Amino acid sequence: MTEPETAGSPRPSAGGLAPVLVAVWANIGVLVWLLIRDAEDVFLGYAGGPVALAAGVFACQRIARVVQMPRPVRTFWRRLEHAAVCLLVTSVVALLRANNDTGMSLWVAVPMMLGVGMLMAAFLGLPGPRRTPAGWLRGVLDTVTVAVASALVFWYAVFDLAPASTSLQARAVAAGVGVGGVLLLVVVGKAAAAPESIVDGAALRVLTTGPITCVVGTVLLIAGDDWSRMALSVLALPLTGAAMCVGAHLQRRALTRPAGREAAFPDRSLFNLLPFVAVTATAGLVISVSAQDMTGRQRVVIIGALLIAGCVVARQLLSLRENTVALRGIRAQQAELERLALSDGLTGLPNRARFLVALGERLDAHQPAAALLIDVDDFKMINDTIGPAAGDQLLFQVSQRLSERCTAGEMPARLGGDEFAVLLPVDDEHEAEAAANRLLLALADPFRVGDQQLLLHGSAGIAVADAGEGADEVLRNADIAMYAAKGSGKASLARFEPRMRQDVVNHARMASELRNGIIRGELRLLYQPVFDLVTGRLHGCEALVRWQHPDRGFVSPGDFIPVAERSGLIVPLGAWVLREACEQLARWRAEYGAGAVEAVNVNVAVRQLREAGFVDEVAAVLSDTGLTSRNIILEVTESSVVDGWQVRETLQALHEMGVRLALDDFGTGQSSLSLLRAFPVDVLKLDKSFVDGIADGADRGRLAVAAAVAQLAEYLQLKAVAEGIESQEQVDRLRDMGYRYGQGFFMARPLPPAECGALMAADPVRAA
């Protein structure tokens with residue numbers, strides 16, 4: 001979200017073209033005056049300077065106060081504003097002293113040199129690569145070379161062309177300003193030719209107009225004829241003012257351009273050749289001087305020295321060319337390495353690092369930004385089914401779909417695995433949601449992988465950047481929102497809200513407390529009896545975990561089981577439940593003998609089934625407790641069964657070992673019937689949602705499903721258990737449908753081990 005503007009701070013679009021138009025009309029007015037001027041009255045010719053430079057001061061002041069720009073850019077334009085003020089003073093002095101004399105007055109030169117110095121400070125203050133001591137020395141040597149050469153040119157060549165009536169002071173002042181203009185041209189030119197600059201490159205190139213007019217103007221002030229001297233005298237400052245206005249306008253337009261780097265100047269620039277041009281010009285002057293009053297032998301020495309200097313210059317030019325070629329190769333390699341480091345090898349999209357950089361750049365520039373995080377639902381199951389190669393092809397197609405649906409300014413990226421992100425250049429929540437729905441719709445059409453057609457859906461989270469947030473925080477918020485979308489049932493979209501962060505904090509805190517609770521023995525098992533609906537006798541029991549927190553009190557399984565699953569604690573928690581339930585069954589069987597239940601039901605999470613050593617763990621627990629595989633029934637959900645090949649292999653190995661498997665909450669999944677063919681199931685547990693209201697017969701759909709499950713169990717010779725029974729009427733109806741076993745609060749709530757054992761003692765279990 002864009003940072004609020006301070007009072008009096010202009011919007012990026014405000015005050016852009018007006019100064020340009022004023023400066024352009026000032027220059028046009030000067031040109032018209034030059035065409036119709038009165039040779040005697042030159043006052044009006046100088047009037048364009050103050051007008052154009054006043055517009056330049058205004059333009060630089062306005063752009064320097066735009067808070068959307070980085071601080072170094074605002075500092076640059078603020079220094080240009082100060083330089084423009086000095087040049088404005090120069091133009092006013094020139095207007096008051098309006099004349100067409102040769103040379104330059106000291107009154108005009110002083111504020112002009114101040115302006116030139118401030119311009120140098122502005123360009124030298126631009127951030128750039130850190131220089132080594134050798135780099136600084138080369139810069140100083142280049143500056144001295146250009147300064148001495150330009151001073152010699154002005155002193156020997158230009159001075160000789162000045163009229164004899166021109167005073168030495170006027171010539172020297174003009175020459176000093178000219179040398180300063182040459183140095184400024186070098187500084188500005190190097191900045192404009194730099195491959196990367198935080199200031200708009202087009203604006204920098206326009207600003208080279210100032211030093212160019214300064215150099216040409218001072219030469220003509222000394223050596224030009226009346227008309228050319230007059231033209232540059234009245235046009236130099238208006239042109240500089242217009243350049244400042246146009247540069248500020250270009251900088252303002254750069255704020256609205258999509259993020260991206262400009263095309264850089266060629267590596268070898270004319271400005272890099274200026275020291276060699278200076279040496280060549282000095283050599284020409286030496287030749288000219290030496291040809292006048294020297295003997296032949298002296299001339300030979302001078303010419304020989306110049307030839308040596310020429311060879312040195314040529315050698316340096318060749319070295320410069322070789323260095324330029326080498327540097328170009330290094331930059332190409334660097335660009336390729338950056339591309340590889342910042343792009344995803346599979347899809348070619350930007351990776352997480354590049355996404356964070358781009359998001360951070362927008363936030364640093366106070367530009368609107370939002371992060372959309374998309375996770376392909378159930379991709380692991382799909383990948384396990386079709387194979388990794390086909391899974392990679394599927395991810396590539398997803399990336400292509402997202403790229404095609406992204407509009408200008410949006411940047412898709414692959415963060416890793418099946419997680420994709422899109423950088424949205426918006427700060428409005430409704431615009432962000434509209435873009436998210438558009439991109440999620442890209443996944444709606446089936447994907448073709450080989451000879452298969454696959455239908456995907458994704459869960460997405462949106463986080464709109466607020467003032468002061470960093471890129472990592474925005475992406476983390478989008479990740480939190482995405483998990484909230486998954487928690488609401490997948491294939492949905494969620495927008496980040498601050499309360500979600502608190503939910504994550506609470507989740508982390510509860511996970512930490514749960515870990516400690518497992519270690520300190522705060523958890524315990526209750527056992528809900530399973531009854532024979534025909535005889536009414538106890539048939540079995542299901543182990544249910546409960547947590548009595550020392551500070552929170554009783555914590556519902558609905559609160560801490562999801563935390564355990566998301567944090568991975570479900571694995572040690574499930575291992576503890578399995579061992580504790582088996583040890584309790586062993587104690588019951590030792591105490592009640594044949595009157596104890598034959599098997600105890602234990603719920604197993606999909607995360608446990610993915611563990612490579614889970615089958616060995618079950619075998620070890622049975623061995624340690626003296627039980628057999630017939631003494632345990634593992635309950636799994638339908639979603640666990642379809643999780644992938646690894647889970648299916650684990651379940652098959654358990655079945656081959658003799659462990660009975662039960663499908664919990666049967667009837668609520670999407671693949672229930674197909675599972676019965678592929679899954680080694682022994683028990684079907686009808687979900688409570690089909691038992692509720694079954695007695696009154698009002699919901700014919702529930703009746704049909706409940707009856708169908710009973711018939712399936714009978715035909716497939718499976719045990720059918722009805723869950724959540726809460727009334728005698730439900731018991732009677734379920735028994736009439738063919739259900740032999742059931743459990744629920746009507747018959748017995750979950751009981752502590754001692755009370756469940758008391759049931760076995762009072763009414764010993766008999767074989768069904």
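Me: Which residue forms a salt bridge with Lys685?
Reply: In this predicted model, the closest N and O atoms of the pair are 2.7 Å apart. Lys685 lies in strand β14 (residues 683–686) and its partner in strand β12 (residues 632–637), so the bridge ties together parts that are 50 residues apart in sequence. Both residues of the pair are buried. The partner of Lys685 is Glu635.

Me: Which residues are linked with Lys685 in a network of salt bridges?
Reply: The structure holds 21 salt bridges. One of them joins Lys685 to Glu635, and this pair belongs to a network. The residues linked with Lys685 there are Glu635, Glu542 and Glu723.

Me: In what sense do β12 and β13 pair, parallel or antiparallel?
Reply: Strand β13 spans residues 660–666, and six of its seven residues are buried. Five bridges join β12 and β13. In β13, Leu661 is the bridge partner of Leu634. The pairing of β12 and β13 is parallel.

Me: How many residues are in the second, separate core?
Reply: Leu654, a member of the largest core, is in contact with Phe614, Val615, Val618, Leu634, Val659 and Leu661, leaving aside neighbours within four places in sequence. The second core is separate and includes Trp77, Ala83, Leu204 and Leu255. Its number of residues is 54.

Me: Why does the salt bridge between Lys486 and Asp375 tie together parts that are apart in sequence?
Reply: The closest N and O atoms of Lys486 and Asp375 are 2.8 Å apart. Lys486 is in helix α16 (residues 471–487) and Asp375 in strand β1 (residues 370–376), so the bridge joins a helix to a strand. Both residues are buried. The parts that the pair ties together are apart in sequence by 111 residues.

Me: Which strands are the edge strands of the open sheet of five strands?
Reply: The order in this sheet is β2-β3-β1-β6-β7, and the pairing is mixed. From one strand to the next the twist averages 20°. An edge strand here pairs on one side only. The edge strands are β2 (411–416) and β7 (493–495).

Me: Which residue of β3 stands opposite Leu373?
Reply: β1 and strand β3 (residues 419–424) are joined by six bridges. The two strands run antiparallel. Opposite Leu373, the residue in β3 is Ala421.

Me: What angle does the direction of α16 make with that of β6?
Reply: Helix α16 packs on the sheet. There α16 touches β1, β2, β3, β6 (458–464) and β7. The angle between the directions of α16 and β6 is about 140°.

Me: Is Asp532 buried or exposed?
Reply: Asp532 meets Arg740 in a salt bridge of 2.9 Å, N to O. The two are 208 residues apart, with Asp532 in strand β8 (residues 523–532) and Arg740 in the loop between α27 (728–737) and β16 (741–742). Arg740 is partly exposed, at a relative accessible area of 31%. The relative accessibility of Asp532 is 6%, so Asp532 counts as buried.

Me: Which residue follows α13, with a positive phi?
Reply: In helix α13 (residues 379–386), the residues Phe379, Ile382, Asn383, Asp384 and Ile386 are buried. The buried residues of α13 pack against β1, α14 (388–405), β5 (452–454) and α23 (645–657). After this helix phi is near 100°, and the residue is Gly387.

Me: What share of the residues of the chain count as buried?
Reply: The chain has 28 helices and 16 strands. Among its contacts between residues at least 6 apart in sequence, 73% join residues at least 24 apart. The accessible surface comes to about 37300 Å², with 58% belonging to carbon and sulfur atoms. Of the 768 residues, the buried share is 47%.

Methods: Residues are numbered from 1 along each chain as its sequence is written. This is a predicted model: local features need pLDDT of at least 70, side-chain atom pairs count only at pLDDT 80 or more; totals for chains, interfaces and linings use all residues. Side-chain values use heavy atoms; hydrogens and water are left out. Helices (H or I, at least four residues) and strands (E, at least two) are DSSP runs, numbered from the N terminus. Buried means under 20% relative accessible area, exposed over 50%, partly exposed in between (1.4 Å probe, protein chains only). Contact means heavy atoms within 4.5 Å. Accessible areas come from the Shrake-Rupley method with a 1.4 Å probe; for residues, only the protein chains shown count as cover. A nonpolar core is a set of buried Ala, Val, Leu, Ile, Met, Phe, Trp, Tyr and Cys residues joined through side-chain atoms within 4.5 Å. A salt bridge is a side-chain nitrogen of Lys or Arg within 4 Å of a carboxyl oxygen of Asp or Glu. Two strands pair if DSSP finds at least two bridges between them. Axes are lines fitted to C-alpha atoms, for helices over the stretch in contact, and angles run from 0 to 180 degrees between N-to-C directions.
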